[in-house]
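Take a look at the protein below. We will begin with the whole molecule and then pick out some of its parts.

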Amino acid sequence: MGTVPDAEEVDRLDTDALNYRLLDTHERALRTDEQVASALGFSPFSLKDTEELFLPREIDIKGYCDVRNHVLTAWQREKWKGKVLTRSECARKISSRSVGLVNYAWAYLTTFGYINLGISEELRQTAGFSPIEPSRGTVVVIGAGLAGLACARHLTALGHPVVVLEGRHRPGGRVHTKVLSGTHEGREVQGAAELGGSVLYGGDYGPLVTLVDQMGGNRQVLNPNTVMYDWQGGKVSERIDGEAYGVYNAVEERLEAIGGTDEFQNLEDVSRGMAFEQQWQREFGGRSWDAAKRKPRGIELRDRLVNWQIAHLEFAHAQCVSELSLKHAEQDDNYNLKGDHFLVEGGNKTFVEGLAKDLNILYGHKVTEIEYSAETGVNVTAEVIPEENDKFEEREVVKFTQAIACVVTVPVGVLKRGVIEFKPPLTKRKQNAIDEIGFGVLNKCILLFPSRFWTEETFGFVNDGDWDEQRGCHFLFHSYEYVAGAPVLLALSSGKAARNFETQTKEEVKEKMMERLRLIYRKKNIVVPEPLAFETTNWGLDPFAYGCYSSLVVGSKGETCDVLREDLCRRVFFAGEATYKEYIATMHGAFLSGLRAAGIIHTLYSGYGEGQKAAFNDDENRRKVDACFSRPDLEFGCFKVRKGSGKFGDKALVQVRLPAEDNMSGPIHKMVVIPEAIVTELVNVDGNKEGIKYLVKTGRLKTKGEDKSHSQTILEFMDSLGDE
């Protein structure tokens, strides 16, 4: 509900509008560009870490950011056309003094898929890069979900030979559109059902929305209004629903407030469920949340409605509230794409099939081993799974050898199960991140009916029964009729109820959904017909996923996602929604992570980014440093490591990327020669800040003062490596 601004607010709004009108044309354009950059996930005045990788160190950051923001705005206006945005088009309204910056901005944004991305015929081959010789080797992408498809599509457009290995016999991974069909009165009824990821976020700024628009697809705004029904099928009044939502928000606001305090002795160990219990007692003068749970079936409706909101929270994270981290679970809130949420007519298979078109995808190839080396590249082993008989015992084993790199995009659930063996094994730091991050379950029941009988597009069902076990059972219903092409109704189950789903038969799950529908519509004198067809999901049992999407549970944080995305000696790269902390648990997060991995590989292996840096820097020592660390033996966080040889056989050269001291200068790189034993300890330190502190504490690194990067010892170390 909107609020009427008071006189002071009206004056402020009028003043803001007047100030904007008084800006000159250039200033208005800059402000618009900054807003677009922010909406697309950039800080308008600073660099992403991938920009630090790609751009020369001496670049004018403020000038570059202004130009970059302008290029993003130019693409935003034209992206739906599916046409390549050229350098010259970007430079038309830019001062001639900034043409060089336009080249850098265009090249970076194209390389990392922020512009010129899409699946139109023209965009399948991105213009402007020199051809890349096939001898540079193949990139193996593991998984044909959104991350894998985005990565493979973009690498192919940039000129790299790519092979995709997918264990399933279809593309899309956890995005899966299935057509339900049945017969009614002699006519066939068919409707598209989303078994996995379904909603496109971000309004016109969403990258997946761009794909749909380029294909000429139709999208429908998801109705945000939810009508509530109680466990007896009665409609809940807006007043009571509003009161319950107010209570829930009051507790949640208190939880947010304590996130940065010492109210709990160790905030890192506190779950959202534990904290909610405590704050509930405060809100209601000692009446505990646990006592509310133990009330008889006549429990106050308001408390049950509050419990419904918790079920919705568990849906958002695919995780039980008792496991979610109080401090970190909502860390992505500040990055959420703003705008309407959409459903795609015909289902998400439309853009999944568009991404997969013409790619070299080998279906039924389940990867079991990845062997990697900085010197020799990557060997990938896979089992071939026949489509007709997935349980065939003696499967053919195939090897893909001497790839220059591979990109692992399998879900975290697969990594947690150890399905893929890494040789050498993953570092303790990487394995800890896999173990620590959450990966939970959300399940669906989808029914195809002969005709529509429901009266709302979105409605909720407030469960009675066990407080924790039942609250998420078929708690939220969505009508897909307008996008499915037939009367399709979907129900979501979250939390413990979603896990319990997987111990029941499909028929039992369907019947529980039907029971709720009959309760609601019996009171409206509407007969609920038998469905013509139905489908249920069991994502937790899926051997190619073992869950739905990631979350930050107790013991994990945003930096855990950063560790998951770290590569292994510039050979094995990782992508997927779990590696993108800003958009964790989303389809667009998975998609963007694939583009990011492709951009990094292109920068490292095409010589494009490194060539720019070499041309920009005349200093011979700088060129030595670039050559030395272009293929590090080990890389984690802000550290790159080269192992010594000869008289430096027990030593290692470490390059440390320190954050910029201001927005007018790039990141600071410092190097130190240290014993290999110190590197072993450094790998196991948690996070960049702690790692830098460790080196400073041991006397190995000085973060302030004169730069000793080109000391004689370091130069001798680099010369001993024999890098060109």
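This is a predicted model: local features need pLDDT of at least 70, side-chain atom pairs count only at pLDDT 80 or more; totals for chains, interfaces and linings use all residues.

Of its 724 residues, 54% count as buried. The protein has 25 helices and 25 strands. Now consider contacts between residues with a separation of 6 or more. Residues 24 or more positions apart account for 70% of them.

Next, find helix 9, which covers residues 238–258. This helix has 21 residues. From its first C-alpha to its last, helix 9 reaches 30 Å, close to the 30 Å expected at 1.5 Å a residue. Which residues of helix 9 are buried? They are Ala 244, Val 247, Tyr 248, Val 251, Glu 252, Leu 255 and Ile 258. Look down the axis of helix 9: its buried residues fall within an arc of 125°, so they line one face of the helix. On the other side, Glu 238, Arg 239 and Glu 253 are exposed.

Now turn to a sheet. Strands of a sheet pair through backbone hydrogen bonds, either parallel or antiparallel. Here, five strands form an open sheet in the order 8-2-1-12-21, and the pairing is parallel. Strand 8 (361–363) and strand 21 (572–574) are the edge strands, since each pairs on one side only. On average, neighbouring strands of this sheet are turned by 20° against each other, direction ignored.

Zoom in on one pair. Strand 1 (residues 139–142) and strand 12 (residues 405–408) run parallel, joined by four bridges. Val 139 has Ala 405 in strand 12 as its bridge partner.

Terms used:
Residues are numbered from 1 along each chain as its sequence is written. Side-chain values use heavy atoms; hydrogens and water are left out. Helices (H or I, at least four residues) and strands (E, at least two) are DSSP runs, numbered from the N terminus. Buried means under 20% relative accessible area, exposed over 50%, partly exposed in between (1.4 Å probe, protein chains only). Contact means heavy atoms within 4.5 Å. The expected span of a helix is 1.5 Å times one less than its number of residues. The arc is that of the directions from the helix axis to the C-beta atoms. Two strands pair if DSSP finds at least two bridges between them. Axes are lines fitted to C-alpha atoms, for helices over the stretch in contact, and angles run from 0 to 180 degrees between N-to-C directions.
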